[in-house]
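These are my notebook entries on one structure. I record what I looked up and what I found for each item.

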Amino acid sequence: MNQIPPIAPLSGAAMSDAEVALALALLLIAPLAIAGVALVNAGLGRARSAAQGLLGSLAIAAVSAVVFALLGAALAGPPPNAGESTGFVFHAASKPWNWLGAGPFLLRGISSAAPHAQLALLFEFLAVALAAIVPWGSGADRWRLAAGCASAAVVAAILFPLVAHWVWGGGWLAALGVNFTLGAGFLDPGGAGAVHMLGGLSALAVVWIAGPRRGKFPKEGLSTAMPGHNASYVLFGCMIALVGWLAWNAAGAILWLRAPLTALPVAAINTLLSASGALVATLSITRFRFGKPDASLCANGWLAGLVASSACAAIVSPIASLFIGGVAGLFTPLLVELLELALSIDDPSGAITVHGAAGLWGLLAAGIFAPQPGQLVAQLVGIAALLGVMLPLVYLLFAILNRVVPFRVDPDGERVGMDLHELGGGAYPEFVIHRDESYR
Amino acid sequence: MKYAGLLVMPAGFFLTVAALVLFPDPQRRLAFVVCGLAVECLGLVVAVRGHIPARGASRP
């Protein structure tokens, strides 16, 4: 693979018409990744919460778009080569530390901005929606719709813009290559950190604050198995997600790495190889451990491979991509089991593992397999920033939000199901819905 | 316990940033960045242990 030059603020030529047209076309397909994740989340939840789960995904995408347009886009700032002011900078150790964007509020001037800036904004709209939807699956069957929307507003207003500016807006992480000669700076063209790791950490905060589902961890014995209600949704969601992810990673490579169009087919092959390697690994390990492949864990493995590819599909070789996906597929079922059985973390969609851990692994792998010297340190610093700053910040903001808009539904709502309690009707009105007792 | 772990995590991050500024030597810088990440992991472990719910409880 070719070496990527350090990403410098206020540098770069304008995009060609072909690049603009292709990036726009890819960004119009990329929402399929969001649709796939929403479908997987709904399928892994219970039947009596399916409508609330899918409506919640739509509502969260809408709320995050509105809030990001009103406030978040200004704090994320324009991309570094848009030729505008890049943000709030303080100087320490004779280096500039660009920590927050300073773009125009309410999307002022976007219609006359350079095509690259417009496309970057569109990418960020999709990214913030996905980052906000990821924790929704972890809070399934107990997280209130209003609280989910409120948390999406917090993600879109504060959390995502902060990370997006650091990574994509010419912030201090992107400038590590220029300021500290650490490879090309922190590389995350597909959002493994800015979208998935942030979403996974948000999911962990939600699960901690909302607590486990009723009856999940009884006083005696193992945790109660609460399988997803529709494996078809889950597996079809994985297929849809692949299409979206192929477009997403290619668009990210054009926008954030300024990769030449000739490099995009390899990025797409790497995305496919990473997901495939992950699925084969998860299929093998669940077959070995349980005697039969587990459909929901295989779906989690597939998504983990896609998430890991977000960081490195445009950077590493195809064989490295296969290996990265394989590792993601290996640890996914083990970590899901560890979280549930040993740590009593009730995460119905597995988002903490699939998005958080696999995103972290993808970022690390990009540093290990990228050809630039110093890239590993840049990736480690980025991981440290996401883990050490964003998790405590997410937890703090969500804990405060929980005081204002309680996350957890009342016991009666949990008993009758989120569909009936919050929407007044179920997703499958002609089906018999299982009661809690049927799980034991 | 759960809050102590979350408070330790930013300390690990500042150690990582300090490594960037204080050590121009790549190997020493890498070692201190890894140390910063180790501190974060320690904080995460403490936070996770502090959040394990009592068996039978469904609400925090």
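**Entry 1. A loop residue, Ile345(A).** I looked up the contacts of Ile345(A) and set aside the neighbours within four places in sequence; the remaining partners are Val207(A), Leu339(A), Glu340(A) and Ile352(A). I note that the model is predicted. I then placed Ile345(A) in the loop between α11 (318-342) and α12 (351-369) of chain A. Is Ile345(A) buried or exposed? I found 25 other C-beta atoms within 10 Å of Ile345(A), and the cut-off for burial is 20 or more; Ile345(A) is therefore buried. I also checked Ile345(A) against Arg48(A): the two are 297 residues apart in sequence, and their C-alpha atoms are 21 Å apart in space.

**Entry 2. Confidence.** I recorded an ipTM of 0.95 and a pTM of 0.94 for the model.

**Entry 3. Chain A as a whole.** I counted 15 helices and 2 strands in chain A. The radius of gyration of chain A is 21 Å, close to the 22 Å that the globule rule gives for 440 residues, so I noted chain A as being as compact as a globular protein of that length. Along the principal axes, the C-alpha atoms of chain A fill a box of roughly 60 × 45 × 40 Å. I found that buried residues make up 61% of the 440 residues in chain A. Of the contacts in chain A with a separation of 6 or more, 82% come from residues 24 or more positions apart.

**Entry 4. Helix α10(A).** I looked at helix α10 of chain A, residues 295-312, which has 18 residues. Its first and last C-alpha atoms are 26 Å apart, close to the 26 Å expected at 1.5 Å a residue. How many residues of α10(A) are buried? I found 17 of the 18, so α10(A) is largely enclosed by the rest of the structure.

**Entry 5. The two strands of chain A.** I examined β1 (residues 88-92) and β2 (residues 95-100) of chain A, which pair in the antiparallel sense over 5 bridges. Val89(A) has Asn98(A) in β2(A) as its bridge partner. The hairpin has 2 residues between the strands, and Ala93(A) takes a positive phi near 55 degrees there.

**Entry 6. Other positive phi values.** Asp141(A) is not a glycine, yet I found a positive phi of about 75 degrees for it. Asp141(A) lies in the loop between α4 (115-138) and α5 (145-168) of chain A, and it counts as buried with 21 C-beta neighbours inside 10 Å. Thr181(A), also not a glycine, has a positive phi of about 45 degrees. I located Thr181(A) in the loop between α6 (176-180) and α7 of chain A; with 16 other C-beta atoms within 10 Å, Thr181(A) is partly exposed.

**Entry 7. The contact of chains A and B.** I found that the contact takes 29 residues from chain A and 25 residues from chain B. On the side of chain A that touches chain B, α7 (192-210) and α13 each supply at least two residues. Which helix gives the most to that side of chain A? I recorded α13(A), with 12 residues. By class, this side of chain A has 19 nonpolar, 5 polar and 5 charged residues.

**Entry 8. Helix α2(B) and Gly43(B).** I listed its buried residues, among them Arg29(B), Val33(B), Glu40(B) and Gly43(B). What covers the buried residues of α2(B)? The cover includes α13 (375-404) of chain A together with α1 (2-22) of chain B.

I then followed Gly43(B), whose place is in α2 of chain B. Gly43(B) is buried, with 24 other C-beta atoms within 10 Å. Not counting residues up to four places away in sequence, Gly43(B) touches Gly5(B), Leu6(B), Val8(B), Met9(B) and Gly12(B). I also noted that Gly43(B) and Ala4(B) are 39 residues apart along the chain, while their C-alpha atoms are separated by 7.5 Å.

Terms used:
Residues numbered from 1 in each chain as written. Chains lettered and ligands numbered in written order. Predicted model: local features only at pLDDT ≥ 70, side-chain atom pairs only at ≥ 80, totals over all residues. Pairing = 2+ DSSP bridges. Helix = DSSP H or I, 4+ residues; strand = E, 2+ residues; numbered from the N terminus. Buried ≥ 20, exposed ≤ 12 C-beta atoms within 10 Å, placed from the backbone. Contact = placed C-beta atoms within 7 Å. Nonpolar A, V, L, I, M, F, W, Y, C, P; charged D, E, K, R; others polar. Rg over C-alpha atoms; globule rule 2.2 N^0.38 Å. Expected span 1.5 Å × (residues − 1).
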